[in-house]
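Hello,

Here is the structure for your files. My notes on it follow below.

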Amino acid sequence: MEFNFQITPGAKAFYQNGVDFLKAAERCLGMDDNGKVTIVDNGVFRTLAAPAVVNAAFACEMFLKSLINKSGKAYPTGRKGHDLKYLYELLPETVQNFLHKSFDNNCEDTEKRFVNFLETHSNDFVDVRYYVAHEGWQGMSPIMVYTYTYNIGNKTRYLLLNWENVVDG
């Protein structure tokens, strides 16, 4: 993704960092340039599940922080700075609505499902890195975390390009 549009430098930097970590997640999933994922190749397990989730979770964090930055708010540091649900709650309501409504317009409980995903995976960046200390993973799918993050990245890019129309309009 080429990034050649005019937005605040902080929002642009966070967004681009998110894109880079999402690409790292793709490589950990075994994704090729055409989007095909190879889990097992010639009897060798190619997917690096934990690194894929950590990179996707960090990319999601960067996308949310780019929107927080664009809205003029400060983002938290320390452990709270990795909490996806907390970061989402810092966003203006119009941005929150755009993010969750754009995932599944045919579902009545889209907001609940979206927030549930964020809550379930809020601390993946921290917890999955140390999953051996947490007795493994609970309720985690690398492909699901990647897919949500990929979609959040696309919505973030759209919002950054159309902020005045969507948020201020």
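Asn 55 counts as buried because its relative accessibility is 13%, where buried means under 20% relative accessible area, exposed over 50%, and partly exposed in between (1.4 Å probe, protein chains only). This is a predicted model, in which local features need pLDDT of at least 70 and side-chain atom pairs count only at pLDDT 80 or more, while totals for chains, interfaces and linings use all residues. Residues are numbered from 1 along each chain as its sequence is written, and side-chain values use heavy atoms, with hydrogens and water left out.

Asn 55 sits in helix H2 (residues 49-70); helices (H or I, at least four residues) and strands (E, at least two) are DSSP runs numbered from the N terminus. Leaving aside neighbours within four places in sequence, Asn 55 is in contact (heavy atoms within 4.5 Å) with Phe 21, Ala 24, Ala 25 and Cys 28.

On the nonpolar cores (sets of buried Ala, Val, Leu, Ile, Met, Phe, Trp, Tyr and Cys residues joined through side-chain atoms within 4.5 Å): the largest has 35 residues, and Leu 67, Leu 91, Val 95 and Leu 99 have the most contacts inside it. H2 gives the most to this core, nine residues. Not counting residues up to four places away in sequence, Val 95 touches Leu 67, Leu 159, Trp 163 and Val 167. A second, separate core has six residues, including Val 54, Ala 57, Phe 58 and Phe 125.

Ile 39 lies in the loop between helix H1 (9-29) and strand E1 (40-41). Ile 39 is partly exposed, at 45% relative accessible area.

Regards
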